[in-house]
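Hi there,

Here is the structure I promised to pass on to you. Have a look at it first, and then read my notes below.

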Amino acid sequence: MKLKLAIQKSGRLNEDSMRLLKECGIDIGNGVNKLKAEATNFPIELFFFRDDDIPQYVEDGVADIGFVGENVVYEKAKKVEVAYELGFGKCRLSFAVKKGETFTGPSFLAGKKIATSYPILVQQYLNEHSIQAEIHEISGSVEIAPGIGLADVVCDLVSSGSTLFMNGLVEAETILHSQAVLIKHKNFSTEAQQILERLLFRIESVKKAKKNKYVLLNAPNDQLEKIIALLPGMKSPTVLPLASPGWSSVHTVIAESDFWDMIEQLKNAGAEGILVIPIEKMIL
Ligand code: ATP
Ligand code: ZN
């Protein structure tokens, strides 16, 4: 059998979804602009859909799994399971007001016209704060609504905020932080589950590798103990003697987040010739 994976046909998630599969060593055979494509070296079949339709297709079992934004998953509220956070497609769903207006809290929205592509999530927010407001559902270019007098406020996806800025809007309040996730059909055969686990194992290795760097450095032997104490390492660092007497080469893996702090401390401890190398896959 083949696991059926639904991804966005074109748009912001398409490229990252395809790249992730490639980094997992999965080669997609025929063209990408069709409805379907098959992997040549992994039991997986790709379906290309509009992102909005992916939760429905996964609920119905047309696809077994899908890569889609959490914003779409929660808005559509289909019976699917969120199985894994993929780490790309990060954005937030935020209210934005016209420049010069001050958002004073949820009560600011009372009686306002809100333009959004996320009526369900916006209504949930209004209910939680017992606010009555008018929601105008618009499927695209929500940010132009206030400028043309269609709405007072928008609730839209934001990443850098430049689209809002260009339309004279200011981000006011975030109601959801989102990223792409792997969603899963409710009923899974043992065989499908096994393929999914193989896929998740690969995705996890790629994700871990991106968060870590391989570091090589030269250490004077009299500082070796101090330098090793600074390093986390997967088990413990590798230490090899250098040709020049009194020096050793130390190899280890450092988390991206600790990286700059760690490098400074290593330099202060006498480390020299520090090389930092990206890791392609990491199997623990
Ligand atoms: P489709 O034609 O598939 O319906 P779309 O126009 O609805 O495409 P895109 O704009 O390609 O969708 O966005 C797809 C997803 O990318 C969003 O649902 C969201 O999860 C994510 N995303 C990340 N950053 C942003 C952003 N700045 N604006 C909009 N979406 C973003
Ligand atoms: Zn869409």
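D52 counts as partly exposed, because its relative accessibility is 25%. In this predicted model, D51 has 18% relative accessibility and therefore counts as buried, the cut-off being under 20%.

Both of these residues hold the zinc ion (ligand 2): D51 (OD) and D52 (OD) coordinate the metal at 1.9 to 2.1 Å. What is the arrangement of the four donor atoms around the zinc ion? The angles they subtend run from 74 to 174°, so the arrangement is irregular.

The two residues also turn up beside ligand 1. An oxygen atom of ligand 1 is 2.8 Å from an N or O atom in the side chain of D51, and for the side chain of D52 there is an oxygen atom of ligand 1 at 2.7 Å from an N or O atom. S159 meets a nitrogen atom of ligand 1 instead, with an N or O atom of its side chain 2.7 Å away. How much of ligand 1 does the protein bury? Taken alone, ligand 1 exposes 620 Å², and the protein buries 77% of that.

Enjoy exploring it!

Best wishes

How values were computed
Residues numbered from 1 in each chain as written. Chains lettered and ligands numbered in written order. Predicted model: local features only at pLDDT ≥ 70, side-chain atom pairs only at ≥ 80, totals over all residues. Heavy atoms only, no water. Donors = N, O, S within 2.8 Å, 3.2 Å for Na, K, Ca; no water. Tetrahedral: all angles 85-135°; square planar, octahedral: opposite > 155°, others 65-115°. Buried < 20%, exposed > 50% of the residue type's maximum accessible area, 1.4 Å probe, protein only. Polar contact = N/O pair within 3.5 Å; in protein donor to acceptor, adjacent residues only side chain to side chain. Areas by Shrake-Rupley, 256 points an atom, 1.4 Å probe, with all protein chains shown as cover.
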